[in-house]
Amino acid sequence: MTQAAPELNPPPRILMGPGPSDTHPRVLEALAKGTVGHLDPFYLRTMDELQRMLRGLFRTENRMTFAVSATGSAGMEAAVVNLIEPGDSMVVCVNGVFGGRMVDVAGRAGARVTKVERPWGEVFTPDDLRPALEAAKPKVVGIVLAETSTGAWQPIEEISRLVHDAGAMLVVDAVTGLGGVPVEVDAWNIDAIYSGTQKCLSCPPGLAPISFNQRALDTILNRKTKVQSWYLDVSMLANYWGQERVYHHTAPINMTYALYEALRLIHEEGLEQCFARHMLNHRALKAGLSALGIEYATQEGHQLPMLNAVKIPPGVDDAKVRSTLLNRFGIEIGAGLGAFKGKVWRIGLMGYGSRQANVLLVLAALEQLLAEQGHAFTRGASVAAANGVYASS
Ligand SMILES: *Cc1c(COP(=O)(O)O)cnc(C)c1O
């Protein structure tokens, strides 16, 4: 007979990396509530309310606003495979890992992909896209609002105008963006947008909030070929999330509770207050890091409040700092990826994780570890600098 494995006993962690981020206690409680059927009248009402709160957060009237039953990458796939038919032209903006992932997804969906690139840590201007739009005449352009691998905060509005002037549709990756910075789906004329629950929504990973506007839906309903993914086919999902409530797949009921509670938390706080909190904690962290002589790896003026990509000081042992933060303090921060591997730390202040206690703790812990490694700085200055930001806010 197989012996049962030991009881699950996850160590207490403070998740200050690129995601997952700390789950809010109220969200954990919501997850533990009783499971009902996916067609139960209570569940259908819960879905309606979730969609209403999601539209509020996305700032859209889009009817087709719902949650894909999988993580953020499935949101990316859903946006791309529904809009792209084999042979279609798609332009993808790549300035980090997630733009690169979108290129892969689009290629697999049969798109003829044109990559437009910027160096890691920088953002795109409309001028960067113009030549590709003229040459490739794309049906769809994909861009990442919050590039989690580099901390770059991409302005969307002007690029959206240019993309639509060129007759294309715009797909935006807001996996890390949603809940941390303003996202204006209708005002910015975004055709399809997706997110994930475990970045700024204070939830565990498991759902991908997504929204399609009417133009995107019309494109999907007029496809010549079937969507290559049965699971992610929006024309079928619309029958479950819309009025008909036709069974498609069994919804992850308890994750829906979690997202529902997470959205309640954001709307209780207020969107403006929520974004202001993310910005304040970012400013405090930045002041503290600066006192330690640590600089940002991202272009000035385009640094995300929820993902702080910072240069590892010369002579400091990257892996040792990260493992000691974890083992001594329970703090997880992120390593650099790709071009930033070994050069950059990624410190997340996402959702429930974006709070003063976390900022002061990570700065105090970093002071201790950097001092142990012989890095020169004024002791106590980083926590004082962060407190100075809080005092003057
Ligand atoms: C995390 C992330 C993804 C992928 O989401 P998963 O939930 O890991 O599948 C996509 N894009 C961006 C910008 C991300 O930060």
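**Pockets and ligand in a predicted model**

Trainee: How much space lies in the largest pocket?
Mentor: This is a predicted model. The volume asked for is that of the largest pocket, at about 360 Å³.

Trainee: Which residues lie nearest the centre of the largest pocket?
Mentor: The lining of this pocket holds 18 residues. By class, that lining has seven nonpolar, six polar and five charged residues. Nearest the centre are Arg-63, Met-64, Ala-238, Gly-242 and Gln-243.

Trainee: Where does the ligand sit?
Mentor: Turn to the other pocket, with a volume of about 260 Å³. Its lining has 20 residues, and the closest to its centre are Phe-98, Arg-101, Val-175, Gln-198 and Lys-199. The ligand takes up space in the second largest pocket.

Trainee: Which element gives the most to the lining of the second largest pocket?
Mentor: Both α3 and α4 supply at least two residues there. With three residues, the leading element is α3.

Trainee: How many residues in the lining of the second largest pocket are charged?
Mentor: Sort the lining by class. Nine residues are nonpolar and seven are polar. The charged ones number four.

Trainee: Which residues are closest to the ligand?
Mentor: The ligand is surrounded by 13 residues. In that shell, four are nonpolar, six polar and three charged. The closest to the ligand are Thr-71, Ser-73, Thr-148, Gln-198 and Lys-199.

Trainee: What distance separates a polar side-chain atom of Thr-71 from an oxygen atom of the ligand?
Mentor: Thr-176 has a polar side-chain atom 3.1 Å from an oxygen atom of the ligand. Gly-72 uses a backbone N or O atom, 2.9 Å from a ligand oxygen. For the polar side-chain atom of Thr-71, the distance is 2.7 Å.

Trainee: How much of the ligand's accessible area does the protein cover?
Mentor: Start from the ligand on its own, with 380 Å² of accessible area. The share of this that the protein covers is 90%.

Trainee: Which elements give two or more residues to the shell around the ligand?
Mentor: Recall that the ligand's space is the second largest pocket. Both α3 and α4 also supply at least two residues of that pocket's lining. For the shell around the ligand, the elements are α3 (72-83) and α4 (97-108).

Note on methods. Residues are numbered from 1 along each chain as its sequence is written. This is a predicted model: local features need pLDDT of at least 70, side-chain atom pairs count only at pLDDT 80 or more; totals for chains, interfaces and linings use all residues. Side-chain values use heavy atoms; hydrogens and water are left out. A residue is near a molecule or strand if one of its heavy atoms lies within 4 Å of it. A polar contact is a pair of N or O atoms within 3.5 Å; within protein, one must be able to donate a hydrogen and the other to accept it, and residues adjacent in sequence count only if both atoms are side-chain atoms. Accessible areas come from the Shrake-Rupley method with a 1.4 Å probe; for residues, only the protein chains shown count as cover. On a 1 Å grid over the protein atoms alone, a cavity is a set of points where a 1.4 Å probe fits but cannot get out, and a pocket is an open set with protein on both sides within 12 Å along at least five of seven lines; lining residues have an atom within 4 Å of a point. A molecule sits in a cavity or pocket if more than half of its atoms lie within 2 Å of its grid points. Helices (H or I, at least four residues) and strands (E, at least two) are DSSP runs, numbered from the N terminus. Ala, Val, Leu, Ile, Met, Phe, Trp, Tyr, Cys and Pro count as nonpolar, Asp, Glu, Lys and Arg as charged, and the others, Gly among them, as polar. Grid points are joined across faces, edges and corners, and a volume is the space filled by probe spheres set on the points.
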